[in-house]
Amino acid sequence: MPANLPPTYYKLKHQHEAAKTDEERLSLLEEMLRIVPKHKGTEKVVSDLRKRIAVLKKGGSAKGGNKSGKKGYSEHIPKQGAGQIVMLGPPNSGKSSILCKFTKAKTEVSPTPYTTTIPVVGMLPYENIQFQLIDTPSIMQDFISPSVLTLVRNADLCLGVVSLANDSLLDDLEMVITIFNDQRDGAAEDEEGYLVVANQLDAPGAADRLEILKEFYGDTAPIYALSTETGEGIDELLRGLYSILDIVRVYPKAPGKPLERDNPIVLPNGSTVLDAALGLHKDFAEFKFARIWGPEWHDGQPVSRNDAIFDGDVVEFHL
Ligand SMILES: Nc1nc2c(ncn2[C@@H]2O[C@H](COP(=O)(O)OP(=O)(O)OP(=O)(O)O)[C@@H](O)[C@H]2O)c(=O)[nH]1
Ligand SMILES: [Mg+2]
């Protein structure tokens, strides 16, 4: 059933798009909700408006209650683990499902759009490390909470989550990529700041939609198909996350102790022996000498502090 919205509604909508502050946005949304006719055809519009109002009232804004410490959520989530990864996507793409299925965090999963209203953090295990994964409130065509944008800007990596169950897939991804590009304008040219998860691979018609998605966006972004229902695709996604984060794992070894690769120091690719020492403990910065094991080295070869280290190296520091 068509919504048939009155012209005043569209006028308010345009004003809302142009609004500069959250106070303005909130009052315009409330006015839109007040004047919108309430019938079957406008159910979705009404529920969208209610959700947006709820998000704004919760302080989902740069100038929300956060700084005053009264309400809302903090825009900054301290980094933990091997990299901070922020999910972003349209409603019902399955962001909360990904968090619940692959981390120990708990959050609500539901067929109702805009269920998630604040970011939720979980730790995503991969081999012997963990990534910090953040679920966020869904984005809309003309609205995204400024606090979510702050998370996107500060993340080590963004994960655009779209649904293969949905015919609006291409538009959804376009919207997500536009946001990533806008927010990460200052990022280095060669820095790949995001990847795409095409979720709900188990849904009817998903394989065909995936083909189309890859045809249109395969050159723009790395695309990983996933099903939170069956778990298909998670191993490839985890490897993709590791590789795009561009990190290395090095393993400290105490003198006289055996070589073990179970408790890594995680560092950016291109780090040095000195960075590894600092990653272990600041006292190690003054080490007298270091020896290293790995495919690039002779076993136990002495290295100097400015030598580059490689993924999987074992380093022994002598103080
Ligand atoms: N078949 C199938 N359904 C899925 C999959 N992932 C999520 N769903 C369903 O899709 C619906 C939305 O999932 P959520 O995880 O709540 O989606 P969201 O992106 O967090 O959406 P918001 O409500 O906007 O926060 C739920 O009914 C899930 O059970 C999937 O891989 N396959
Ligand atoms: Mg959610």
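Modeller: In this predicted model, a residue is near a molecule if its C-beta atom, placed from the backbone, lies within 6 Å of it.

Biologist: Which residues around ligand 1 are the closest?

Modeller: The shell consists of 23 residues, and the closest are Gly94, Ser96, Ser97, Thr115 and Thr116. Helix H4 gives the most to this shell, with three residues. By class, the shell around ligand 1 holds six nonpolar, 14 polar and three charged residues.

Biologist: Why is asparagine 92 called buried?

Modeller: A residue is buried if 20 or more other C-beta atoms lie within 10 Å of its own. Asparagine 92 has 21 such atoms within 10 Å, and is therefore buried. Its place is in the loop between S1 and H4, and its phi, near 65°, is a positive value in a residue other than glycine.

Biologist: What makes tyrosine 114 buried?

Modeller: Tyrosine 114 has 20 other C-beta atoms within 10 Å; the cut-off is 20 or more, so the residue counts as buried. Tyrosine 114 lies in the loop between H4 and S2, with a positive phi near 60°.

Biologist: What is the order of the strands in the open sheet?

Modeller: The six strands follow the order S2-S3-S1-S4-S5-S6, with mixed pairing. Strands S2 (120–126) and S6 (223–225) each have a single partner strand, so they stand at the edges, and one side of each is left without a neighbour in the sheet.

Biologist: How many bridges join S1 and S3?

Modeller: S1 (residues 84–88) and S3 (residues 129–135) are linked by three bridges in the parallel sense; two strands pair if there are at least two bridges between them, so S1 and S3 are paired. Valine 86 stands opposite isoleucine 134 in S3.

Notes. Residues numbered from 1 in each chain as written. Chains lettered and ligands numbered in written order. Predicted model: local features only at pLDDT ≥ 70, side-chain atom pairs only at ≥ 80, totals over all residues. Helix = DSSP H or I, 4+ residues; strand = E, 2+ residues; numbered from the N terminus. Nonpolar A, V, L, I, M, F, W, Y, C, P; charged D, E, K, R; others polar. Buried ≥ 20, exposed ≤ 12 C-beta atoms within 10 Å, placed from the backbone.
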